[in-house]
Amino acid sequence: GDSPPPSSTPHPKRAFPFAAKGEAHVEMADEDVTVREPLDLIRLSLDERVYVKLRGEREIRGKLHAYDQHLNMILGDVEEVITTVEVDDETYEEIMKQTKRNVKYLFVRGDAVTLVSPPLRT
């Protein structure tokens, strides 16, 4: 039989070689899931509510519908909290203000993401 020619591209290196040394195990309802690379943790959070911290003192909580390798994400039923600090002109006191809004769907650009926390599994 005709077999395809051997691949001329070398096997790609692991993006995160440290992950192979000590792999984390995440226990989920009767299944053992191995986390080999950082994005595996995000994959395990699909269709779950996640907490995402963004640049500019913004934080969001929502259901993770999709993501890509750049950490661009689509979240649903989102609660966004923006924290601003204002300085009182007379007392020079710092006043923390929080603005909240709820959004049905939100596209989050990956370069704004500083932290993604998967749901707590108890």
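Because the model is predicted, local features are reported at pLDDT of at least 70 and side-chain atom pairs only at pLDDT 80 or more, whereas totals for chains, interfaces and linings use all residues. Residues are numbered from 1 along each chain as its sequence is written, and side-chain values use heavy atoms, with hydrogens and water left out.

Five strands form an open sheet in the order β6-β5-β4-β3-β7, with antiparallel pairing; strands are DSSP runs (E, at least two residues) numbered from the N terminus, and two strands pair if DSSP finds at least two bridges between them. Strands β6 (94-108) and β7 stand at the edges with a single partner strand each, so one side of each is left without a neighbour in the sheet. From one strand to the next the twist averages 25°, where axes are lines fitted to C-alpha atoms and angles run from 0 to 180 degrees between N-to-C directions.

Strand β3 (residues 49-54) is joined to the antiparallel strand β4 (residues 58-67) by six bridges; in this pairing Arg 49 stands opposite Lys 63, and Leu 54 stands opposite Arg 58. The hairpin of β3 and β4 has three residues between the strands, and Gly 56 takes a positive phi near 80° there. Strand β3 also pairs with β7 (residues 113-117), in the antiparallel sense and over four bridges, and in that pairing Val 52 stands opposite Val 116.

Leaving aside neighbours within four places in sequence, the contacts of Val 52 (heavy atoms within 4.5 Å) include Ile 60, Met 73, Leu 75, Val 113 and Leu 115.

Thr 83, in strand β5, counts as buried at 12% relative accessibility, where buried means under 20% relative accessible area, exposed over 50% and partly exposed in between (1.4 Å probe, protein chains only). The side chains of Thr 83 and Gln 98 are joined by a polar contact of 3.5 Å. Asn 102, in strand β6, is by contrast exposed, with a relative accessible area of 66%; beyond four places in sequence, Asn 102 touches Val 78 and Glu 79.

The structure holds six salt bridges, each defined as a side-chain nitrogen of Lys or Arg within 4 Å of a carboxyl oxygen of Asp or Glu. One of them joins Asp 77 and Lys 104 (3.1 Å, N to O); Asp 77 lies in β5 and Lys 104 in β6, so the pair ties together parts that are 27 residues apart in sequence. Asp 77 is partly exposed at 44% relative accessibility, while Lys 104 is exposed at 56%. Another salt bridge, between Arg 101 and Glu 80, has an N to O distance of 2.3 Å. Because Arg 101 lies in β6 and Glu 80 in β5, this pair ties together parts that are 21 residues apart in sequence. Glu 80 is buried, with a relative accessible area of 3%, whereas Arg 101 counts as partly exposed at 42%. Arg 58, Glu 80 and Arg 101 are linked in a network of salt bridges.

Definitions and conventions. A polar contact is a pair of N or O atoms within 3.5 Å; within protein, one must be able to donate a hydrogen and the other to accept it, and residues adjacent in sequence count only if both atoms are side-chain atoms.
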